[in-house]
Amino acid sequence: MASSEVDQKFLGKLAKAVENDNPLLASVLFKILGLSINLSSQLISARKQRRLETIQTEASLDLQFHIIWLSREGLVLLEQYVLPMVGNYVELKVLAYKLRASFYHIFVLFHNTPPVSNLGFGTPEGQATTTVPTLTPNRVDKGKGIARDDDGESASQPVQTSYNLEGGPVGPPPGFGPAAPPTAFLMKPGDYLPLAHRCFQEAVQLADQLLWGSHSLRLSVKTEYAAFLYECVHDAEGSRKVAKDTITEVYEATEGIDNDMFGDACELVTVLGRMMKRGLGSNKGSTAATQETPQIEQPDVSVPPGMI
């Protein structure tokens, strides 16, 4: 994700590398790096809170606001200042496209309409009910009524008359009603899933074309794409296939890597190995599901030689 440690390493390294040739680009990359470090802790806290809380609290809502705001600001910096200037840089180009997909991934998790994940409080079970105050009904006057003369006619005194209010109560502005996510004031509500998926496909295509199989940045792109498919697209089989194919590509890579990239690749391969198993145990208790879906053979998830 945009808070990935691998992405942060490359942000710092590439910002330093282009500092002499393009100071503006370097300064923006350093800003995105600082934003990413802040966003990392916020995302960890949000996942922990969502597991513990079933209703929206003020603290969790503030945290969600902060996450959306940081992601929006990061995307603006990326699209306005970084993407137009990455044509001559191989790793930076892949990283920029990957970060764009990551920011949209966050929007899908926390801000999508309709919700596709249980992380955001826009989900029906988590969203706080917003009600419009209703008018109290007219009450019958508890006085003694209207005074009358002896002949039964009404006396000449003012009579209280009730008037019907036209138009009813004033509701919230369009897009901010009960159906809108709480973060609507920060970013326009909408379905960001197709756009995020397209951004991931572009980042994966660039990574495949420009980077070798064991490159840690390439592995970072594939790892988050597998997570996106599982969490947001709900394509468990597709997620497992991406993870399996990526590990196979690491096996087949012959290019050398330095010690730092080697350590990152080891960690990402381990994560991808766990992703290959995700969702496989959920259908064991259902006989009907077993009959309809052919049993999937669990591939070998051992770490490639020399990567333990």
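**A helix and its neighbours**

The buried residues of α7 pack against α6 and α8, where contact means heavy atoms within 4.5 Å, and where helices (H or I, at least four residues) and strands (E, at least two) are DSSP runs numbered from the N terminus. This is a predicted model, in which local features need pLDDT of at least 70 and side-chain atom pairs count only at pLDDT 80 or more, while totals for chains, interfaces and linings use all residues. Residues are numbered from 1 along each chain as its sequence is written, and side-chain values use heavy atoms, with hydrogens and water left out.

The buried residues of α7 are Gly 238, Ser 239, Arg 240, Val 242, Ala 243, Thr 246, Ile 247 and Val 250; buried means under 20% relative accessible area, exposed over 50%, and partly exposed in between (1.4 Å probe, protein chains only). An α-helix has 3.6 residues a turn, so residues three or four places apart point the same way. The 17 residues of α7 should span 24 Å at 1.5 Å a residue, which agrees with the 25 Å between its end C-alpha atoms; the expected span is 1.5 Å times one less than the number of residues.

Turning to the partner helix, α7 and α8 pack at an angle of about 140°, with their axes 8 Å apart; these axes are lines fitted to C-alpha atoms, for helices over the stretch in contact, and angles run from 0 to 180 degrees between N-to-C directions. On the α7 side, Arg 240, Ala 243, Thr 246, Ile 247 and Val 250 meet Val 269, Leu 272, Gly 273 and Met 275 of α8.

The largest nonpolar core holds 75 residues, and those touching the most other members are Leu 29, Ile 32, Ile 67, Leu 78, Val 82, Leu 95 and Phe 110; such a core is a set of buried Ala, Val, Leu, Ile, Met, Phe, Trp, Tyr and Cys residues joined through side-chain atoms within 4.5 Å. Among the elements that give two or more residues to this core are α1 (5-17), α4 (90-111) and α7 (236-252), and the largest share, 13 residues, comes from α4. Leaving aside neighbours within four places in sequence, Leu 95 is in contact with Asp 7, Phe 10, Leu 11, Leu 14 and Leu 217.

Two loops remain. Pro 114 lies in the loop between α4 and α5, and a cis peptide bond, with omega of about 5°, joins Thr 113 to Pro 114. In the loop between α6 and α7 is His 234, a residue other than glycine whose phi is positive, near 60°, and His 234 is exposed, with a relative accessible area of 52%.
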